[in-house]
Amino acid sequence: MRTSRFPLATVKETPADAEVISHQLMLRAGLIRKLSSGLYTWMPIGLRVLKKVEAIIREEMNNAGALEILMPTIQPAELWQESGRWQEYGPHLLKMKDRHQRDFCYGPTHEEVVTDLMRQELKSYKQLPITVYQVQAKFRDEVRPRFGIMRAREFLMKDAYSFDLDKQGMQVSYQKMYDAYCAIFTRLGLLFRPVLADTGSIGGSFSHEFQVLADSGEDLIAYSDGSDYTANIELAESLAPGNPPSPSKTPKELIDTPTQQTIVEVTQFLGVKPEQTVKVLIVKGKTTPLVALVLRGDHELNTIKAEKLPEVAIPLQFAEPELILQQLNCSIGFIGPIGLAEQGIPVIADRDAAHLTDFICGANLVGKHFKHVDWTRDCSPPQVIDIRNVKEGDLSPDGKGQLHLRRGIEVGHVFQLGDKYSQAMGATVLNDQGQSISLQMGCYGIGVSRIVAAAIEQHHDEHGILWPATMAPFDLCIVPINLHRSEAVKAATESLYEALQAKGLAVLLDDRQERPGVMFADMDLIGIPYRVVISERGLAEGKFECKNRKTGEVSQLTQEEIFALLQNVEMTTNM
């Protein structure tokens, strides 16, 4: 491809609204252009990258035995009402009406549609197992789209769905998809980890996320240094402490903390460590107006774990200060667990908070705290359950090693759905006994467009993008010096260009009338793995200058040596 026929839309300045490096570089390198908030047009060079990612995904899905289909993006409300998600999915679901005033939505996912398809197509166990997939646009009405393609409202996803007769079959299909995902992300040259994860709004009993490791990632991943345990912090369990310490022998004492409300303020004022305190978070309840969640002062609430508590309203909502004052006659910052149960407020303590003795907590009086508090002596016994985020250095839940934390970007998620959708929507087949059995389903998503952004977050330097070879828009670029003034350079350029293309390589020939520095900077920004410079000086020595974009290594090579260098590159299909 010649730049005269493939215009480069690079820009020097970093857009003001681009917060993360992938958003900045995708705009600067001309991969995408913004249409509206969370909506982007893929430019020719960006689309080449996207198509390469798609091709690898398709190959591995096909290798795993999945069959490609294509379902509509617009979905009738009736299917979502059958599954119970029409209201449950929330404001992320973009709803609309057609001219007949019938309700539809722009699909954020396709569980309902594919279940409807299979309940019509599958009748017998002899048709199982089957896995289908598609590469299709999705829309989720994000409240605040940000980070460019990373959290766009419209995005490209590969979603697959497996159908089996029983749970054992579902687990086999799940493992096939898990293995296929590992193959996909390995081929794409990404450093990733599969992690145990919460099933969220999709549902089901078990799931793994595939996280690309990057400091800019929104997700926090906990992994053990003594085993292969890895989990999203939303799901990572904090183990119960060991044997309880001896009860406090000092009577609780009411102390003045006139303006000290936060843990930081209280601990600095009293000269104690946060580990010696507890904090009480008041949230809205399902059957009671308020629920008290108690954590050790240095720990953070895990909102996913808390939302799963049967006493807590969904979605998790912190109680308004006015409601707390009305119910407890006390303001936030001075609330403690003593006496709350007697007021009809369920008290749920995290394992570490419940393990404390001789601790400091609010006294339920403005400007006052208690110290030397003991659960067994001073409080009604709370319900004890894991509701906190794990921390660096915590023991691994499998008992092997300690936990460490890393940032990650979720690019894939696989779920064991069971009969969540098939039961609700009547998707059944007859087994070998002639009995009607609900299908056991699995669901498997990959954020195709998000992979592109995640790869940039993981692979870039101060000059631009460092594409893994399998994702690069071109295998190499040719930058001729004085192309329009030197017949020798022109002839050598055309000869090399044709020879490389004949080898099946995707080549970008920069035939612009630009200064070498401009061309070099653009090629570094775009991130093409190899750059070949043709000049009169090099031709006099029978050599071309070849630069490895990733390592920066520059070599003087003959045409045959360039062919040898590139023979192991996973080649791009010329598009």
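Predicted model: local features only at pLDDT ≥ 70, side-chain atom pairs only at ≥ 80, totals over all residues.

Colleague: Which residue is the bridge partner of Leu254 in E18?

Modeller: Leu254 has Phe370 as its bridge partner in E18.

Colleague: And what order do the strands of that open sheet take?

Modeller: The order is E13-E18-E17, three strands in an open sheet with antiparallel pairing. Strand E13 (253-256) and strand E17 (357-362) stand at the edges with a single partner strand each, so one side of each has no neighbour in the sheet. On average, neighbouring strands here are turned by 25 degrees against each other, ignoring direction.

Colleague: OK, other sheet. What is the strand order in the one with E4, E5 and E6?

Modeller: That open sheet of three strands goes E4-E6-E5, and its pairing is antiparallel. Strand E4 (74-76) and strand E5 (94-97) are the edge strands, each pairing on one side only. Neighbouring strands in this sheet are turned by 35 degrees against each other on average, again with direction ignored.

Colleague: How many bridges are there between E5 and E6?

Modeller: Four bridges, with E5 and strand E6 (residues 103-106) pairing in the antiparallel sense. To pick out positions, Lys95 stands opposite Cys105 in E6, and Met96 has Phe104 as its bridge partner in that strand.

Colleague: What about the hairpin of E5 and E6, how many residues sit between the strands?

Modeller: Five residues lie between the strands of that hairpin, and Gln101 takes a positive phi near 65 degrees there. Gln101 is in the loop between E5 and E6. Have a look at that spot, as this is a positive phi in a residue other than glycine.

Colleague: Which residue takes a positive phi in the hairpin of E29 and E30?

Modeller: Gly552 does, with phi near 80 degrees, and that hairpin has five residues between the strands. Strand E29 (residues 544-548) and strand E30 (residues 554-557) run antiparallel and are joined by four bridges. Cys546 stands opposite Ser555 in E30.

Colleague: Switching to helices. How do the axes of H2 and H6 cross?

Modeller: Helix H2 (residues 44-63) and helix H6 (residues 167-187) have axes that come within 9 Å and cross at roughly 150 degrees. The two helices are therefore roughly antiparallel to each other, and their crossing is right-handed.

Colleague: Which residues of H2 and H6 make the contact?

Modeller: From H2 you have Ile56, Ile57, Glu59, Glu60 and Met61, and from H6 there are Met177, Ala180, Tyr181, Ala183, Ile184 and Arg187. By class, the contact of H2 with H6 has eight nonpolar residues, no polar ones and three charged ones.

Colleague: And H1 with H13, at what angle do their axes cross?

Modeller: Roughly 105 degrees, and the axes of H1 and helix H13 (residues 448-458) come within 8 Å. H1 and H13 are therefore roughly perpendicular to each other. On the H1 side, Ile21, Ser22, Leu25 and Met26 meet Val452, Ala453, Ile456 and Glu457 in H13. The residues of the contact of H1 with H13 divide into six nonpolar, one polar and one charged.

Colleague: New topic. How many salt bridges does a search of the whole structure find?

Modeller: The search finds 36 salt bridges. One to look at is the pair Lys34 and Asp17, whose side chains meet at 3.5 Å, N to O. This pair links distant parts of the chain, with Lys34 in strand E1 (residues 32-36) and Asp17 in the segment before helix H1 (21-28), 17 residues apart.

How values were computed: Residues numbered from 1 in each chain as written. Heavy atoms only, no water. Pairing = 2+ DSSP bridges. Axes fitted to C-alpha atoms, helices over the stretch in contact; angles between N-to-C directions. Parallel < 35°, antiparallel > 145°, perpendicular 65-115°, else oblique. Left-handed = near helix turned anticlockwise from the far one by under 90°. Contact = heavy atoms within 4.5 Å. Nonpolar A, V, L, I, M, F, W, Y, C, P; charged D, E, K, R; others polar. Salt bridge = Lys/Arg side-chain N within 4 Å of Asp/Glu carboxyl O.
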